[in-house]
Amino acid sequence: VASPSDTSDERRQVELAIEQVNTQIANRDSIQFEYIGWDKTVVPEIGMTPQSVIDEQVSGHDIFIGILRTRFGVPTDGFGSGTEKEFDNAIAQSKSTSNFYKLHAYFYNGSINLSEVDVGQFAKVKTFKESMNDRGVLYKNYVDMESLRQFLVLNLTKDATDYLSSSAVSSKADGFAEVKKTNPDVDQASCADEEVELGWLD
């Protein structure tokens with residue numbers, strides 16, 4: 001998940017949604033989502049740019065969640081912000097890979113006191129949001145933290161179902177499936193479930 005610095009509450013909703021979905025599906029499907037984000041999982045290191053350090057450490061995800069509120073971020077690596085770069089990478093990956101990959105974008109559409117926000121930053125968010133249609137990205141608008149969490153729970157639950165379906169199709173085509181269990185007591189031969197990792201948070 002990519003999100004600027006003004007979305008700490010939103011990132012917390014991602015964590016809560018993951019906890020809820022994991023509780024609902026873990027015993028049934030032996031799938032676990034994992035929160036990966038610059039705010040909690042990225043280790044300070046040196047690279048060509050700070051953003052390159054983040055990019056390297058959060059690669060390999062299966063699901064990308066992008067959230068924007070009123071801030072767009074600061075320019076980095078030739079992009080308007082690190083969030084924009086991560087969106088760009090995710091869109092390119094979703095269109096180029098044949099493997100399981102999901103992209104979810106959420107934009108805040110609730111009440112805003114313009115006297116308390118950076119108008120220039122907010123204008124960049126609006127322009128970026130408008131560009132989503134041209135890039136084939138269907139997004140959701142959320143008005144508060146509760147509506148965002150509800151979207152996240154619904155979407156992640158569907159992702160788990162889609163992942164299991166894609167794994168079943170793949171296993172039938174290949175004659176086998178790699179099975180990663182979160183519960184060692186589950187009979188490995190009884191299902192073809194794999195572990196799903198959540199994307200990153202910027």
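Which handedness does the β-α-β unit of S2, helix H3 and S3 make? The views below take up this unit and then Thr 7. This is a predicted model in which local features need pLDDT of at least 70 and side-chain atom pairs count only at pLDDT 80 or more, while totals for chains, interfaces and linings use all residues. Residues are numbered from 1 along each chain as its sequence is written, and side-chain values use heavy atoms, with hydrogens and water left out.

**View 1. The β-α-β unit made by S2, H3 and S3 is right-handed.** Right-handed means that, with the strands pointing away from the viewer, the path from the first strand over the helix to the second runs clockwise. Helices (H or I, at least four residues) and strands (E, at least two) are DSSP runs, numbered from the N terminus. S2 (residues 63-68) and S3 (residues 102-108) run parallel and are joined by 6 bridges, where pairing requires that DSSP finds at least two bridges between two strands; Ile 63 stands opposite Lys 102 in S3.

**View 2. Both faces of strand S2 are covered.** Ile 63, Ile 65 and Ile 67 on one side, and Phe 64, Gly 66 and Leu 68 on the other, are all buried (under 20% relative accessible area, with a 1.4 Å probe and protein chains only). In H3 (residues 82-96), the buried residues include Phe 87, Ala 90 and Ile 91.

**View 3. Thr 7 lies in the segment before helix H1 (8-29).** Thr 7 counts as buried because its relative accessibility is 0%. Not counting residues up to four places away in sequence, Thr 7 touches Ile 67 and Arg 69, contact meaning heavy atoms within 4.5 Å.

Note on methods: Buried means under 20% relative accessible area, exposed over 50%, partly exposed in between (1.4 Å probe, protein chains only).
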